[in-house]
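Thanks for coming, everyone. Please bring the model up on your screens, and we will walk through it together.

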Amino acid sequence: MTHVNPVVDEPQAPVPPPRVSLAKLSRILSLRLLLGITTLLSVSIVIFAAVQFLPGDAAEILVGQYPDEQTIAVLRRELGLDQPPVLRYLYWVGAALQGDFGNSLTSGRAISDLIGTRLQNTLYLAFYAALIALPSAFVAAIFSVLKPGGLVDRITNTLSLVFLSSPQFLIAYVLVLFLAVSMPLFPSSADMRPNTEIFRFLYICFLPAVTLSAVSAGYMARMMRAVMLDVMERPFIRMAKLKGVTPNRVVLYHTLPNALGSIAAVAALVLAQLILGVVVVETVFVYPGLGQLLVDSVSKRDVTVVQAISLIFACVYILLNLTADLIAILTNPQILYPGND
Amino acid sequence: MTKAMIQIFQTVGRATLGVQISLLMLLMLCGMAIFGPLVSPYGETKIVGSAYAQWSSEFVLGTDAIGRDILSRLIYGARNTIGIAFIGTTLAFLIGTALGVSSVLAGGWVDQLLGRIFDMLIAIPQLIMALLVLAIVGTSVETLIGVIAVVDSTRVYRVARAATLSVAVQDFVESARVRGESMRTILFGEVLPNVTLPLFTEFGVRFSSVFLFISSLSFLGLGVQPPFADWGSMVKEYAPLLAFGKITPLIPAVTIAALTISVNVVVDWALRLHTAGFGR
């Protein structure tokens, strides 16, 4: 799905492994950071530029059905649309960094007001889902590595295939059917009000959080399992086995510590996907978050709002991917101690 | 029956039960998509009974809010959803493969430039990109296919480029170049036949993800528009029935899952067959 490390395509001449100094590590890190910043910038340019393809501009849309040259000209000056694109882009990014995204095209309200609590709600939900997904995937992965082909391994494998291949709304509605309709344990829509207390939040958002975590947990369990099995192929594990270390100890004391870095990187990668999952989940459970606002705005074709939310989602996504890469670099023994594998 | 057909049947016979069920499922769903109008009891948008009729021999899965037959809509939905996903994925493959292969063959600054552009595009989450485009140009089937083709071609480009690169450095390509063969002959005679399998597997994987993607967009009301039937939008439409303990909304959702699971299982099987040396 997403890339962890850029693939090195060109066959490289064998060079003697350099001793990694702090200077080299910081160079690798700053290079990756620079790449991350470049990506953020170029993505913001793409999102900004996309809107320029609109037939007509915001001024014409705002004036509505009875266009009148003078009003449009005045509006254009007011909105700064008579400026060259480069200036407008800089102004847009500058304002966005300060939390000002301009006004909605359809309602005319300030976008920051629309987004405000919704962004918070979405982050709460994503955090809740991550709290469910991370430990369950981690435990499932460890148990499946402890006994490959065993019951836990097979259940994890099947469940993750089903979760990964099912549309999120199927998981959501199955949960609703069993846990909200047949046995009315949880509410079928997340009725979030301002100042909901924490236990009430955990209760009413249980079904959305479980839905959101299902896909990610399946994906994470698979990747974590693969990462651990990969470590188990290494010579030092064979050594440990030959030494007569018990299988459980091999997994828990020899494999796990060496796989933790990659596992953390996997987690960050999957969380980036999880953030996007809110779009469907929020719609199913009528949860007042950013995803729901995004869908509403797309169907109303409120481009400025869509632009703002896209920028936020893309930033979170790119930053989480960057985090995954940084973790992978920092914990890769081959970068820290090359030639010692 | 020809020899090749017998061989195919034998291979399928030796496969696991899961693979056999998946193959059967795929055949059935594709049959539904292709022969839809012939097997469906009623028309796609025709109002044939009262609203919310119960399951009966007349309306096998009942009728929807305005009295259209749900089974017929399910069958036509297969056609719309699978069709769009198939065309979108195919276009993405044509674009991605063409650019990926020629990027390697051209090399130099062309390769660099294309690589950077696709790196940038791939950093934007697919869903966000699609929603942005749909907001700007509005929802229609053509837009939907176009968006998928462009957004997905970035992934295909990577696979095609990597696969071509690993083939391009091999001796037989080099010797063809030394023989003085044209770029075209090298491309069609040497490179493309050797990147078919990685691309085929990628096609299966991409198709099922595109299929899920379209279903989700339709579910959100941003994909296939009414009155045309589509599995994703059907789920959304029937969702209120869930509160009465009816499973009708789950049926199209389950067919979506069945299709993607089957594709994944079959692709996995094909890959294993290949590594086991099938057909050599």
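Let's start inside one helix. In α1(A), the residues A:Thr39, A:Val43 and A:Ile47 are buried. An α-helix has 3.6 residues a turn, so residues three or four places apart point the same way. What do the buried residues of α1(A) pack against? They pack against α13 of chain A, together with α4 (108–123) and α5 of chain B. As for its length, α1(A) has 31 residues. From first C-alpha to last, α1(A) reaches 45 Å, close to the 45 Å expected at 1.5 Å a residue.

A word on what you are looking at. This is a predicted model. The predictor gives the complex an ipTM of 0.83 and a pTM of 0.83. For chain B, the mean pLDDT is 83. In chain B, 98% of the residues reach a pLDDT of 70 or more.

Now step back to chain A as a whole. How many helices and how many strands does chain A have? It has 14 helices and zero strands. Chain A has 341 residues, and buried residues make up 35% of them. Next, take contacts in chain A between residues at least 6 apart in sequence: 74% of those join residues at least 24 apart.

Next, the interface. Here 41 residues of chain A are in contact with 36 residues of chain B. Which elements of chain A give two or more residues to the side that touches chain B? They are α1 (22–52), α6 (151–165), α7 (168–182), α11, α12 and α13 of chain A. The largest share comes from α7(A), with eight residues. By class, this side of chain A has 30 nonpolar, nine polar and two charged residues.

On to helix packing. Two packed helices are described by the angle between their axes and the distance between the axes. Helix α5 (residues 111–146) of chain A packs with α9(A) at an angle of about 35°. Their axes are 7 Å apart. The crossing of α5(A) and α9(A) is right-handed. Their contact divides into 20 nonpolar residues, four polar and one charged.

Stay with α9 for a moment. Helix α9 (residues 206–231) of chain A holds A:Met224. Is A:Met224 buried or exposed? A:Met224 counts as buried because it has 26 C-beta neighbours inside 10 Å. Leaving out residues up to four places away in sequence, A:Met224 touches A:Ala137, A:Phe138, A:Ala141, A:Ile263 and A:Val266. A:Gly149 is 75 residues from A:Met224 in sequence, and the two are 16 Å apart in space, C-alpha to C-alpha.

Over to chain B. Helix α5 (residues 126–137) of chain B and helix α6 (residues 141–168) of chain B have axes that come within 10 Å. They cross at roughly 145°. The crossing of α5(B) and α6(B) is right-handed. Who meets whom? From α5(B) come B:Gln126, B:Met129, B:Ala130, B:Val133, B:Leu134 and B:Val137. From α6(B) come B:Thr143, B:Val147 and B:Val151. By class, this contact has seven nonpolar residues, two polar and no charged.

Now some loops, back in chain A. A:Ala190 sits in the loop between α7 and α8 (198–204) of chain A. A:Ala190 is buried, because 25 other C-beta atoms lie within 10 Å. What is A:Ala190 in contact with, leaving aside its neighbours within four places in sequence? The partners are A:Ile204, A:Cys205, A:Pro208, A:Phe285, A:Val286 and A:Tyr287. A:Pro288 is 98 residues away from A:Ala190 in sequence, yet the two are 8.3 Å apart in space, C-alpha to C-alpha.

One of those partners of A:Ala190 is A:Val286. It is found in the loop between α11 (247–284) and α12 (290–300) of chain A. Phi of A:Val286 is near 45°, a positive value in a residue other than glycine. A:Val286 is partly exposed, because it has 13 other C-beta atoms within 10 Å.

Last stop, A:Arg301. Where does A:Arg301 lie? It lies in the loop between α12 and α13 (303–331) of chain A. A:Arg301 also has a positive phi, about 55°, although it is not a glycine. With 18 other C-beta atoms within 10 Å, A:Arg301 is partly exposed.

That's the tour. Over to you.

How values were computed: Residues numbered from 1 in each chain as written. Chains lettered and ligands numbered in written order. Predicted model: local features only at pLDDT ≥ 70, side-chain atom pairs only at ≥ 80, totals over all residues. Helix = DSSP H or I, 4+ residues; strand = E, 2+ residues; numbered from the N terminus. Buried ≥ 20, exposed ≤ 12 C-beta atoms within 10 Å, placed from the backbone. Contact = placed C-beta atoms within 7 Å. Nonpolar A, V, L, I, M, F, W, Y, C, P; charged D, E, K, R; others polar. Axes fitted to C-alpha atoms, helices over the stretch in contact; angles between N-to-C directions. Left-handed = near helix turned anticlockwise from the far one by under 90°. Expected span 1.5 Å × (residues − 1). pLDDT = per-residue confidence, 0-100.
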